[in-house]
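Happy to walk through a few labels with you.

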2 protein chains.
Amino acid sequence: MSQAPQTAQQPVILTGDRPTGPLHLGHFVGSLRSRVELQHTHRQHVLLADTQAMTDNAHDPDKVRRNVLEVALDYLAVGIDPALTTIAVQSHLPALAELTLLYLNFVTVARLERNPTIKEEIHARGFGRDIPAGFLCYPVAQAADITGFKAQVVPVGEDQAPLIEQTNEIVRRINRQVDAELLPEAQALIPEMGRLPGIDGKAKMSKSLGNSIPLSSTADEITHAVKQMYTDPNHLRASDPGTVEGNVVFTYLDVFDPRKEEVEALKDHYRRGGLGDMVVKRRLEEVLQNLLAPIRERRTQLAADPGYVFGILREGTRKSQDITQATLDEVRGALGTFSFDRS
Amino acid sequence: MSQAPQTAQQPVILTGDRPTGPLHLGHFVGSLRSRVELQHTHRQHVLLADTQAMTDNAHDPDKVRRNVLEVALDYLAVGIDPALTTIAVQSHLPALAELTLLYLNFVTVARLERNPTIKEEIHARGFGRDIPAGFLCYPVAQAADITGFKAQVVPVGEDQAPLIEQTNEIVRRINRQVDAELLPEAQALIPEMGRLPGIDGKAKMSKSLGNSIPLSSTADEITHAVKQMYTDPNHLRASDPGTVEGNVVFTYLDVFDPRKEEVEALKDHYRRGGLGDMVVKRRLEEVLQNLLAPIRERRTQLAADPGYVFGILREGTRKSQDITQATLDEVRGALGTFSFDRS
């Protein structure tokens with residue numbers, strides 16, 4: 001892959017993560033892996049979304065603070081290259097807060113309450129009536145993030161498409177009012193590989209569900225995780241025929257093992273009977289150890305020099321401040337709000 | 001009155017106006033007059049609340065923009081002294097936007113919807129279900145304003161006391177979480193003289209109701225306004241007995257005429273009969289002309305030199321940026337959110 005420098009012609013892409021825990025294999029499959037590719041073909045901006053993380057972690061800012069570094073280490077360890085990608089800390093981009101407040105005037109409360117993603121997340125978090133106002137408003141903050149960078153492409157999970165729609169409604173509303181193509185509409189980029197299931201077979205790998213394999217796992221932790229992994233509960237003896245569908249070990253082999261034909265042969269064997277779980281798990285363990293060893297090694301090196309990592313974040317944040325401030329100035333100028341320079 | 005310099009011992013007061021139109025006699029009586037006094041005994045900060053004005057004027061930013069200068073002229077013309085009072089443009093204080101986003105995480109949507117002031121204003125503006133999210137959230141933005149300046153005293157109309165209560169709930173919530181008296185609670189300062197009625201007798205003087213006397217009125221406009229003024233509709237001939245209560249001319253004389261005994265004598269005469277509306281109106285006209293002539297004169301001089309006025313706003317805004325940024329840093333530090341300096 002060529003190390004082409006970012007050019008103005010490349011489309012702008014914005015991604016990011018709430019820093020609420022170290023990233024895991026699910027993030028690797030769902031987004032990190034593709035970011036490493038996309039940085040060669042797009043102007044890529046990645047946000048450490050600590051402001052957004054506060055919308056449901058206001059009681060524990062310390063967790064968010066600590067994980068800014070952890071997630072940055074994950075980024076760099078998997079190969080996100082600060083020469084190709086700007087990595088910024090969201091809370092240090094005041095223009096995004098100002099854009100958010102501005103956009104809140106262009107969205108009704110009823111519209112926010114109708115957002116399917118928000119509805120589902122409110123339910124999942126058990127907020128009931130006690131939804132923090134910041135949580136209800138976070139799609140507007142995301143619209144500020146996306147438009148602040150003038151992102152044209154935003155990778156999102158399938159369930160997050162309504163967030164892009166909300167952004168584009170704001171974009172169209174503002175563009176109509178100023179009668180110009182001031183802000184670009186964003187396109188959702190839905191990843192080919194959807195969610196990686198947890199090691200327990202649940203649909204989603206998640207730190208809080210305790211079914212994840214963090215990118216920073218030690219070799220022993222990987223061994224242990226694979227041992228615990230959900231297979232076919234009816235496959236009691238090696239000689240029994242087994243089921244491959246929903247069997248996490250095979251799902252992971254499909255995702256991570258590059259030797260596709262060998263994996264297909266293993267599946268056939270497992271279905272016929274005569275292939276024990278331990279054999280398949282040993283193979284997966286080897287694959288995961290090979291995948292994660294260089295990531296862990298690089299992560300350990302970087303973690304030993306946090307000053308270097310913070311230097312990267314500082315530089316990415318500074319660049320992002322300039323970009324988002326320029327957008328804020330442009331939006332305000334087009335709308336005609338007060339400015340000392342235009343008075 | 002002594003021109004005592006502001007000192008750290010004086011309590012901090014925050015006031016301001018949405019710049020949506022030039023200020024009028026109602027503002028003069030309800031707030032401006034007392035600000036001219038309070039600046040000698042308090043550290044006074046005044047906000048030109050253009051960000052807040054956008055919460056119900058997003059369709060017309062130009063109106064808000066133009067009125068920033070108009071309201072600043074009104075301030076300076078009535079005697080708000082930039083050597084004693086900092087006057088700042090709200091949209092140029094990014095720390096307030098950042099504090100607002102932070103505080104939104106400490107307030108529930110249900111709580112915002114319960115706010116009686118908001119309920120009433122939603123009704124008054126006819127928003128129905130289409131309440132802009134920014135409007136629902138503006139009490140939180142006000143909490144950011146008040147705490148951003150660490151204001152201890154906030155002059156508000158009686159109907160706005162719930163806004164101070166909302167601020168103090170956030171203050172207590174944050175102070176409890178950080179286990180320190182980080183932010184001061186604010187006290188509402190309810191003005192002695194409540195609302196000045198409109199010249200048509202309606203309870204509230206308001207530009208949009210067309211019943212106001214702007215501070216920038218010409219002599220002719222004052223004459224015309226007093227002529228139109230609502231008196232006693234049953235007082236058809238001078239010889240008839242008249243009613244003083246609800247008679248706007250007498251209400252205004254009570255407020256503006258320093259010769260209280262003469263006003264009382266006039267009231268008696270009017271009640272007995274034999275005193276024509278024209279006589280009373282001539283007296284009020286003289287009082288208002290005397291009150292407004294020097295204000296208008298000073299306003300005209302200032303309006304001829306907008307660069308001077310913007311210089312004052314620039315300086316006040318710069319000082320206010322420092323104050324509000326220091327508060328934001330302090331709140332973030334106490335909560336323990338991410339900072340490059342504390343990493």
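Q: Which residues does A:Tyr103 touch, not counting residues up to four places away in sequence?
A: A:Tyr103 touches A:Val140, A:Ala143, A:Ala144, A:Thr147, A:Ile170, A:Ile174, A:Leu183 and A:Val331, where contact means heavy atoms within 4.5 Å. This is a predicted model: local features need pLDDT of at least 70, side-chain atom pairs count only at pLDDT 80 or more, and totals for chains, interfaces and linings use all residues. Residues are numbered from 1 along each chain as its sequence is written, chains are lettered from A and ligands numbered from 1 in the order in which they are written, and side-chain values use heavy atoms, with hydrogens and water left out.

Q: Why does A:Thr167 count as buried?
A: Buried means under 20% relative accessible area (exposed is over 50%, partly exposed in between, with a 1.4 Å probe and protein chains only). A:Thr167 has 1% relative accessibility, so it counts as buried. Its contacts, leaving out residues up to four places away in sequence, are A:Gln142, A:Ala143, A:Ile146 and A:Thr147.

Q: What makes α4(B) and α14(B) roughly parallel?
A: Helix α4 (residues 94–104) and helix α14 (residues 306–335), both of chain B, pack at about 30°, with axes 8 Å apart. Angles under 35 degrees count as roughly parallel, over 145 as roughly antiparallel, 65 to 115 as roughly perpendicular and the rest as oblique. The two helices are therefore roughly parallel to each other.

How values were computed: Axes are lines fitted to C-alpha atoms, for helices over the stretch in contact, and angles run from 0 to 180 degrees between N-to-C directions. Helices (H or I, at least four residues) and strands (E, at least two) are DSSP runs, numbered from the N terminus.
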